[in-house]
Amino acid sequence: MSNLGPKNERLLYHSIEGVSLTEIHQRVQQNAASLNVKPSAELLEVVDTLFRHYQENTENDQCQDVHCDVRFLDQAFAHKGGSKYLEELFPTGQGVIRTIHTLAGLPQLEMDIDKGFGTAF
């Protein structure tokens, strides 16, 4: 996953390095009210799944943009309805990945908004 900032810093990798799921849950709890999102067990399961995915794959630069993460979550939760289920859990209108990053205090990814279509991921 390439999230390159100035001087090729891998922002996402550095933002999760040494961070525990407990800390991510605390961030979600703190930020949920500002996004009008209820930090339910189901929501935390999605956040955990994406966080673990990042821990396992970010170092490898396997994905160039947010679309890979969207597909990953859609497949991981296909048994619950996929993208429809995810959009119901994260009804902010900002997109699932963007909302998770805001809740968890992570940097936004490249191409998380498609300005041509007005779509957010």
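Reply: From the N terminus on, the order of elements in the protein chain is α-α-α-α-α-α-β-β, in a model that is predicted. That comes to 6 helices and 2 strands. The protein chain has 121 residues, of which 41% count as buried. Among its contacts with a separation of 6 or more, 66% are between residues 24 or more positions apart.

Now to the aromatic rings. A pair of such rings is described by two values, the distance of the centres and the angle of the planes. With ring centres required to lie within 6.5 Å, the count is 1 aromatic pair. Its members are F77 and Y85, with 6.1 Å from centre to centre and 25° between the planes. Planes under 30 degrees apart count as stacked, so the pair of F77 and Y85 is a stacked one. Both residues of the pair, F77 and Y85, are buried.

N36 sits in the loop between helix 2 (21-35) and helix 3 (41-57). The relative accessible area of N36 is 71%, and the cut-off for exposed is over 50%, so N36 counts as exposed. To put the two sites side by side: F77 and Y85 are buried, whereas N36 is exposed.

How values were computed:
Residues are numbered from 1 along each chain as its sequence is written. This is a predicted model: local features need pLDDT of at least 70, side-chain atom pairs count only at pLDDT 80 or more; totals for chains, interfaces and linings use all residues. Side-chain values use heavy atoms; hydrogens and water are left out. Rings of Phe, Tyr and Trp (its six-membered ring) pair if their centres lie within 6.5 Å; planes under 30 degrees apart count as stacked, over 60 as edge-to-face and the rest as tilted. Buried means under 20% relative accessible area, exposed over 50%, partly exposed in between (1.4 Å probe, protein chains only). Helices (H or I, at least four residues) and strands (E, at least two) are DSSP runs, numbered from the N terminus. Contact means heavy atoms within 4.5 Å.
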